[in-house]
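Q: I have a model open and want to learn how to read its features. Can we take them one at a time?

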Amino acid sequence: MERTARTDRRQALGAVLRDVVAECGPSLRVLSGQAERRAYETDALTVHRVLPGLVLLPADRSQVAPIVRACVRHGVPYVARGAGTGLSGGALPAESGVVIALAKLNRILDVDPDRRVAIVEPGATNLSISAAAGEYGLYYAPDPSSQVVCTIGGNVAENSGGAHCLKYGFTSHHVLAVETVLPDGGTAVLGSDDIEAPCYDAPGYDLRGVFVGAEGTCGVATRIAVRLLRRPEAVRTLVADFPDVPSACETVSAVIAAGIVPAAIEMMDNLAIRACEDAVHAGYDRQAAASLIIELDGPAEECAEQFEQVSTLCSEHACTRLRIARDAAERAAIWAGRKAAFAAMGRLSPEFLLQDGVVPRTRLAEALAGIADLSAAAGLRVANVFHAGDGNLHPLVLYREADGQGPTAEALAADIAELCVALGGSLSGEHGIGVDKACSMPKMFSPADLTAMDRLRAAFDPSGLCNPGKVFPTPALCGEARAGAYQPHPLEETGKIQRW
Amino acid sequence: MVGASSSASHADGGPSAAQGTSADGAGAPEPPAGPRSITPTTLKDLRDAVSTVGAVLIRGTGTATTWGAPVRDARTTVSLAGMDRVLDHRPADMTVHVQGGIRLDVLQSELAARGQWLPYDPARSEATIGGLLATGDAGPRRLAYGSLRELVIGATMVFPDGAIAKSGGHVIKNVAGYDLAKLCHGSLGTLGVVAELVLRVHPLPQTSRTVMVRDVNTALAQKLTWALTRSAIEPTAVEWCEPEQVLAVRFDGTADGAAARAAAARSMLTGSLAELDAGEAHSFWESHAARVVAEPGDTVLRAATRPGIDPGLVGALSAFADRAGVKALLTCSPATGAYTVRVTGADAKAHAELVKNWRTSVEAVGGFVMLRRRRPGVDAMVESWGRAPGSVEVMRRVKGNFDPENRFAPGRFAPWF
Ligand SMILES: Cc1cc2nc3c(=O)[nH]c(=O)nc-3n(C[C@H](O)[C@H](O)[C@H](O)COP(=O)(O)OP(=O)(O)OC[C@H]3O[C@@H](n4cnc5c(N)ncnc54)[C@H](O)[C@@H]3O)c2cc1C
Ligand SMILES: Cc1cc2nc3c(=O)[nH]c(=O)nc-3n(C[C@H](O)[C@H](O)[C@H](O)COP(=O)(O)OP(=O)(O)OC[C@H]3O[C@@H](n4cnc5c(N)ncnc54)[C@H](O)[C@@H]3O)c2cc1C
């Protein structure tokens with residue numbers, strides 16, 4: 001039985017290969033050797049590994065549809081892959097499936113400075129879009145910290161966020177239209193009809209809105225129209241230190257309640273501050289129980305006015321030290337410290353788990369107290385460094401595998417995620433569900449919720465071959481091991497990108 | 001607990017709404033032959049109300065039932081008028097949880113009492129929030145703040161089979177699961193009832209200023225719009241109206257900040273300029289909204305194109321209007337490419353002719369034209385929707401998966417599905 005199934009799959013893959021080679025010609029790069037395929041067996045969530053049957057690297061957009069059609073024709077599952085920096089196993093291949101690696105489709109096709117729109121290929125890196133737009137004083141707002149390498153296709157699939165998304169919104173708010181190869185092999189532009197002249201108001205259901213954040217389960221994006229923003233006239237940044245965590249949390253709420261929407265509000269607790277300071281010497285106060293980095297931007301007048309207010313609010317909430325960046329270099333130093341947090345954690349503990357949960361902002365203090373209790377009960381340290389303005393926590397559970405603490409750490413990380421849900425929050429703020437948290441979905445959603453989502457998925461992908469096994473819990477998946485230990489992305493080790 | 005336009009309310013767990021009938025409340029076992037109206041007050045009653053037999057029309061306040069193609073013989077109208085409350089407003093979280101039947105103007109005044117607002121200004125301020133999401137409507141300020149799709153962070157929907165499903169939640173940052181609320185954006189009551197929404201709200205701006213330039217022809221309007229979008233003064237709205245040929249530019253912000261930006265705009269723009277005082281600005285934006293809404297007997301078209309004011313399209317519109325002997329009043333949001341045309345005068349045949357002709361021009365540049373309202377008789381001569389988008393097959397499957405019996409607003413997207 002087993003052998004026949006394997007033979008069938010091998011034959012199906014062979015058939016896919018024959019078809020795509022015939023249709024796409026020699027420019028389609030094919031990786032079929034075991035060693036070559038190995039490089040694609042995992043994304044940045046390295047605990048999960050599945051060797052794909054075949055890796056195809058289109059050299060041209062027009063090759064994507066024939067690949068998808070061949071997979072559908074022969075019943076072979078496939079997954080699109082950008083840079084493989086996903087942290088939830090979204091680009092994990094299916095057993096004996098096809099990986100469509102889009103890294104070569106990385107061109108910025110058009111930047112229209114009047115309409116403030118860029119048309120790009122899916123493999124373009126997030127940062128390359130801002131770089132291309134920069135000459136017109138424009139930029140692409142969502143800024144995941146992996147932006148040097150992660151692709152816009154991956155961002156679209158994960159609805160990625162970043163530090164500045166509090167004010168500017170997430171990927172979903174900045175994608176005007178997506179040209180896709182649908183799971184039935186057809187092509188359509190979601191959100192418009194002409195990707196080269198994208199409109200804001202395509203009629204009918206907002207399928208673009210569904211596609212963004214569907215974690216690659218609704219088709220393969222082949223071209224994307226993104227909105228660009230004008231660089232703000234002014235930017236002001238400060239670091240405020242607090243004697244305790246609740247004061248810092250209250251300051252966050254007070255700023256918002258005062259009617260101010262900062263470009264970013266980031267928070268670090270004492271453990272995180274010390275780790276960062278030791279690593280980067282950004283000038284943080286090692287004694288502070290908590291620090292906030294608050295950045296405002298916008299028209300110069302308003303920015304100055306509100307920055308004054310924010311400074312006052314910090315003082316009113318027991319801030320012990322206020323450090324205001326005097327110039328761009330100081331601002332960069334402040335951010336460098338924050339961005340180094342995850343790498344710096346390695347100094348405290350060789351192993352840690354990174355969690356990604358969200359709570360309503362007003363419940364941050366409660367959440368942090370709850371995490372402290374869970375941490376004490378488990379006997380493991382947890383450092384917190386996070387997007388406070390969004391209530392998006394990134395607790396880092398520190399442990400030692402050598403001391404057999406792995407399972408306790410995993411249980412603690414899962415408890416923290418579920419604590420977020422219990423406080424009225426979410427399982428994930430930016431890393432996605434993928435295979436990593438699929439088994440926790442029933443904690444947040446009822447069977448009816450999941451059925452409705454599944455109906456939607458089935459409308460895009462009736463044959464179920466497009467990135468199967470992600471987002472939704474499956475018996476096979478939930479029988480397996482869950483969250484995994486932190487493993488640095490190769491680019492983190494070289495210092496090119498940071499995780500936060 | 002049910003009844004035509006009854007305001008009856010009762011606790012959860014009351015008798016099922018679906019068993020009730022209209023005004024007489026006789027509780028007859030068979031549904032009556034004529035249309036009946038149900039006004040549930042709880043989620044459970046709403047569920048029971050939609051899991052009835054026959055076609056269902058979901059009704060908000062009734063400002064947009066004419067949008068899209070006419071619904072075929074709805075047996076039941078389910079009104080959200082009994083589900084019109086704010087469930088939870090958390091100012092410090094900048095979120096508000098409301099029932100789908102709350103009117104936008106009511107919501108805005110409740111938010112304003114706490115110094116906040118939903119930065120969203122469709123012309124139909126008396127419309128319900130569920131209906132606004134379902135119509136995918138947006139006003140001039142969408143340039144700065146987006147439309148409702150950008151402001152919804154969670155939703156509870158009731159599907160035709162009675163399933164109650166949620167997506168999203170109360171937090172502004174959330175990527176767990178599919179975004180079902182987005183699916184309802186533009187669905188015109190064909191997929192499910194938007195029973196509850198969680199919205200991201202914003203601080204009320206201290207002030208709003210409007211700068212107006214007169215005698216701006218199409219080419220100049222285009223030029224000035226691009227000058228504004230290329231600058232760092234961040235207008236909240238840019239609107240151009242024809243035949244008056246005025247360009248109105250709005251700034252929301254702090255008192256000093258908005259004043260500074262308006263001043264910057266005055267020095268950047270050229271021509272016959274004026275900054276409106278508060279009263280003038282209010283009446284300008286009111287009349288702008290009134291034109292978009294129009295009146296019975298008018299035909300109203302909405303075109304979506306790439307951002308810009310296409311001189312070819314504007315020219316074609318007035319030429320076709322002249323030829324048909326009708327008046328076509330246009331408002332355009334050049335920076336987002338939305339055109340709303342109110343057609344008055346002459347007869348249905350003339351209206352239909354204008355729709356057909358201008359739709360051809362708009363589709364030739366990759367856009368769409370839908371009918372929001374039409375003079376009686378127009379439907380027989382021209383379709384409410386033009387060319388179907390390439391993704392229509394997916395929309396059909398979505399509709400089929402959620403409403404296999406085609407009970408919710410059947411015909412709304414005719415001829416597409
Ligand atoms: C060090 C580090 C820091 C990070 N920081 C952040 C952060 O600040 N914010 C944040 O949100 N995330 C962050 N991430 C997570 C990750 O970078 C994002 O999820 C990113 O969007 C993934 O992009 P990618 O190109 O690497 O996609 P991949 O990992 O290759 O794929 C991710 C998903 O996208 C799908 N996909 C890829 N391309 C396409 C396409 N063209 N069409 C359809 N589906 C496609 C895949 O199938 C998969 O499901 C970080 C990751 C690392 C390693
Ligand atoms: C006896 C009678 C007969 C009438 N006959 C006509 C007629 O023939 N033609 C006519 O144009 N008007 C007619 N009217 C007026 C008409 O009833 C109202 O215009 C209409 O019912 C308004 O509801 P609405 O949902 O469109 O409002 P809106 O809230 O503006 O709804 C707009 C759209 O959104 C959908 N929707 C609304 N709320 C939700 C929700 N919560 N979830 C999902 N979708 C939603 C609606 O189905 C509709 O497609 C009649 C009124 C009465 C009393």
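Q: How far is an oxygen atom of ligand 2 from an N or O atom in the side chain of Arg412(B)?
A: Start with the rule: a polar contact is a pair of N or O atoms within 3.5 Å; within protein, one must be able to donate a hydrogen and the other to accept it, and residues adjacent in sequence count only if both atoms are side-chain atoms. Here an N or O atom of the Arg412(B) side chain lies 3.5 Å from an oxygen atom of ligand 2. The side chain of Thr128(B) also has an N or O atom 3.3 Å from a ligand 2 oxygen. Gly60(B) uses its backbone: an N or O atom there is 2.5 Å from an oxygen of ligand 2.

Q: Before we go on, what kind of model is this, and how is it labelled?
A: The model is predicted: local features need pLDDT of at least 70, side-chain atom pairs count only at pLDDT 80 or more, and totals for chains, interfaces and linings use all residues. Residues are numbered from 1 along each chain as its sequence is written, chains are lettered from A and ligands numbered from 1 in the order in which they are written, and side-chain values use heavy atoms, with hydrogens and water left out.

Q: How many residues surround ligand 2, and which are closest?
A: A residue is near a molecule if one of its heavy atoms lies within 4 Å of it. For ligand 2 there are 22 such residues, and the closest are Ile58(B), Arg59(B), Gly60(B), Gly62(B) and Thr65(B). For classes, Ala, Val, Leu, Ile, Met, Phe, Trp, Tyr, Cys and Pro count as nonpolar, Asp, Glu, Lys and Arg as charged, and the others, Gly among them, as polar. The ligand 2 shell holds seven nonpolar, twelve polar and three charged residues.

Q: Which element gives the most to the shell around ligand 2?
A: Elements are DSSP runs, numbered from the N terminus: helices (H or I) have at least four residues, strands (E) at least two. α3(B) gives the most, with four residues. At least two residues each come from β2 (56-59), α3 (129-135) and β9 (193-200) of chain B.

Q: Now ligand 1. Which residues come nearest?
A: The shell has 38 residues, and Ala80(A), Gly82(A), Thr85(A), Ser146(A) and Thr151(A) come nearest. By class they divide into 14 nonpolar, 18 polar and six charged. α5(A) supplies the largest share, five residues.

Q: How many residues of chain A and chain B take part in the contact?
A: Contact means heavy atoms within 4.5 Å. Chain A brings 90 residues and chain B brings 75. Buried area is the accessible area (1.4 Å probe) that two parts lose on being put together, summed over both. Here that area is about 6900 Å², with 57% from carbon and sulfur atoms. Arg115(A), Tyr205(A) and Arg455(A) supply 13% of the area that chain A buries against chain B, more than any other three residues.

Q: How many salt bridges cross the interface of chain A and chain B?
A: Side chains of opposite charge can pair when their charged atoms come close. The rule asks for a side-chain nitrogen of Lys or Arg within 4 Å of a carboxyl oxygen of Asp or Glu. Eleven salt bridges cross this interface. One of them joins Arg142(B) and Asp201(A), with the closest N and O atoms 2.9 Å apart.

Q: Why does the pair of Arg107(A) and Glu121(A) tie together parts of chain A?
A: Their side chains form a salt bridge, 3.1 Å from N to O. Arg107(A) lies in the loop between β4 (98-101) and β5 (108-112), and Glu121(A) in the loop between β6 (117-120) and α4 (126-134), so the pair ties together parts that are 14 residues apart in sequence.

Q: Which backbone angles deserve a look?
A: Most residues other than glycine have a negative phi, and most peptide bonds are trans. His281(A) has a positive phi, near 55°. The peptide bond from Glu242(B) to Pro243(B) is cis, with omega near 15°. Another cis bond joins Ala414(B) and Pro415(B), with omega about 10°.
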